[in-house]
Amino acid sequence: MSRKTAASKTLLKNLQVPEGDKTYEKVLDAGLALFVEFGLRRTTMEDVATRAGIGRATAYRRFADKDQLIQVVILRECQRELAKIEDELAQIDNGVERVLESFVLATTRAHHHPLLQRLLTSEPETILPILTQRLWQMMGFFRVYMAGMLDQEQDKGAIRKQSSEALAELMLRLTQSMVLSPDGLMNPANEAGVRQWANDYLRPLLTP
């Protein structure tokens, strides 16, 4: 099993995600659009069903409630953004640079994501519990994924041997802190600044 497959299984643990269900995808697309446009509180499952062009009962057959829909929408966005980041990292030959850039892209892309920006601005009391107390699913996924990347680079001798799980969690918690508290010297809106910070403080943790 590839590290990406293993990580995806961790990401979607305890969530039933049917493959090839176009109606399911329509509900997710409608939910994402409405959450960005109106926020979580003002969007109902009826609104989502209407936007998706299906009946209310059909929407509830895919998702038990709005809370579950919110979780899956967020998880799917994580997967989509990761795929884009993977494409960019594939162009980098140097292992240390690849790891550093993964941190920079994950942090800055999360900060600029329209759904996260909308929710942190308009209803932080709704999204913050999801991104703090209930972050275990996404954190577990990215820790597995990032640790897999670090293991590969360690096996090639590109970065220093150490606990990949611990280093992965450290980087993830830094990303979480910067995204949720963007004001300060480590501002995720400044990609060049995040890249310089990673070079100054994370590079020494990676170099052999």
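Analyst: A residue is called exposed when its relative accessible area is over 50%, buried when that area is under 20%, and partly exposed in between. Keep in mind that this is a predicted model. Take D155: its relative accessibility is 61%, so D155 counts as exposed.

User: Which residue does D155 meet in a salt bridge?

Analyst: The general idea is a side-chain nitrogen of Lys or Arg within 4 Å of a carboxyl oxygen of Asp or Glu. Here the partner of D155 is K161, with 3.5 Å from N to O. K161 has a relative accessibility of 57%, so K161 is exposed too.

User: Which residue forms a salt bridge with E37, and which helices does the pair link?

Analyst: E37 pairs with R51, and their closest N and O atoms are 3.2 Å apart. E37 sits in helix α2 and R51 in helix α3, so read this as a link between distant parts of the chain, 14 residues apart. As for accessibility, E37 is partly exposed at 44%, and R51 is partly exposed at 41%.

User: How far apart are the closest N and O atoms of E46 and R56?

Analyst: They are 2.4 Å apart, in a salt bridge. This pair also links distant parts of the chain: E46 belongs to helix α3 and R56 to helix α4 (residues 56-62), 10 residues apart. E46 has a relative accessible area of 32%, so E46 is partly exposed. R56, at 48%, is likewise partly exposed.

User: Now the nonpolar core. Which members of the largest one touch the most other members?

Analyst: A core of this kind is built from buried nonpolar residues joined through side-chain atoms. The largest has 26 residues, and L28, F35, F63, L69, V73 and L115 touch the most other members. Two or more residues come from each of α2 (22-38), α3 (45-52), α5 (66-89) and α7 (114-122). The element that gives the most is α2, with 7 residues.

User: What is L28 in contact with, leaving aside its neighbours within four places in sequence?

Analyst: The contacts of L28 are F63, L69, V72, V73 and R76.

Notes. Residues numbered from 1 in each chain as written. Predicted model: local features only at pLDDT ≥ 70, side-chain atom pairs only at ≥ 80, totals over all residues. Heavy atoms only, no water. Core = buried A, V, L, I, M, F, W, Y, C linked by side-chain atoms within 4.5 Å. Buried < 20%, exposed > 50% of the residue type's maximum accessible area, 1.4 Å probe, protein only. Helix = DSSP H or I, 4+ residues; strand = E, 2+ residues; numbered from the N terminus. Contact = heavy atoms within 4.5 Å.
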